Amino acid sequence: MRNWILKNSNRVRHILNLWPPFLFSGIRITEISPDYRRCRAELKNWPGTRNANGSQFGGSLFSMTDPVYSLMLMGLLGERYFIWDKSAHIDFIKPGRSKIFLECMIGDDLLHDIRTHTANGEKYLPEIEMILTDEKGDIIAKVKRTLYIRLKPAFRPSEHSAS
């Protein structure tokens with residue numbers, strides 16, 4: 001099932017947009033590039049997405065960053081790897097009072113680092129920073145997510161070949 005979903009980035013986008021934590025929070029993935037290297041998302045500015053102070057809920061800001069890099073890397077690296085979030089931290093810079101935007105990119109350097117650090121079967125814990133901006137381009141929040149990435153046992157080098 002996972003292969004079928006990840007085979008097409010447009011399919012992933014549609015499924016994410018129907019996923020209840022996104023659908024009911026006003027979060028929408030607007031683009032996932034066919035090569036999984038870029039993703040764009042937005043948080044709508046609805047009365048239901050704002051808190052008592054009139055700014056966007058912090059939990060919604062945090063949620064919109066949740067599965068993005070893990071899914072992008074699953075699409076890029078395929079079935080050979082375990083990939084999930086290990087930890088995350090959000091730093092609220094200023095209240096978001098309009099639609100909020102997220103743009104994520106994966107470059108060749110990150111892919112090279114992942115393949116290099118996991119080649120012998122070790123886990124790799126890269127830290128990814130994401131910036132949330134408002135309609136004016138002002139920074140609303142910065143999110144740091146530490147990912148857990150490791151080759152699945154069937155794809156790790158045999159301990160016998162290390163001798």
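**Around the sheet**

In this predicted model, strand β4 (residues 100-105) and strand β5 run antiparallel, joined by two bridges. One spot to look for is L102, whose bridge partner in β5 is L132.

Now zoom out. β4 and β5 belong to an open sheet of six strands, ordered β1-β2-β4-β5-β6-β3, with antiparallel pairing. At the edges sit β1 (27-32) and β3 (81-92), each pairing on one side only. On average, neighbouring strands of this sheet are turned by 25° against each other, direction ignored.

Back to β5, this time looking toward β6. Strand β5 (residues 127-133) pairs with strand β6 (residues 139-151) in the antiparallel sense, over seven bridges. The two form a hairpin with five residues between them, and G137 in the turn has a positive phi of about 90°. Across this pairing, I131 has K142 in β6 as its bridge partner, while E129 stands opposite K144 in β6.

Which residues of β5 are on its covered face? They are I128, M130 and L132, whereas E127, E129, I131 and T133 make up the uncovered one. As for helices, α6 (residues 108-118) lies across β3, β5 and β6, running at about 35° to β6.

Last stop: R13, in helix α2 (residues 9-18). R13 is buried yet has no salt bridge. The nearest side chain of opposite charge is E31, 8.4 Å away. Still, R13 is in contact with E31, along with I29, T30 and I32, if you leave aside its neighbours within four places in sequence.

Terms used:
Residues are numbered from 1 along each chain as its sequence is written. This is a predicted model: local features need pLDDT of at least 70, side-chain atom pairs count only at pLDDT 80 or more; totals for chains, interfaces and linings use all residues. Side-chain values use heavy atoms; hydrogens and water are left out. Helices (H or I, at least four residues) and strands (E, at least two) are DSSP runs, numbered from the N terminus. Buried means under 20% relative accessible area, exposed over 50%, partly exposed in between (1.4 Å probe, protein chains only). Lys and Arg count as positive and Asp and Glu as negative; His and the chain ends are not counted. A salt bridge is a side-chain nitrogen of Lys or Arg within 4 Å of a carboxyl oxygen of Asp or Glu. Contact means heavy atoms within 4.5 Å. Two strands pair if DSSP finds at least two bridges between them. Axes are lines fitted to C-alpha atoms, for helices over the stretch in contact, and angles run from 0 to 180 degrees between N-to-C directions.
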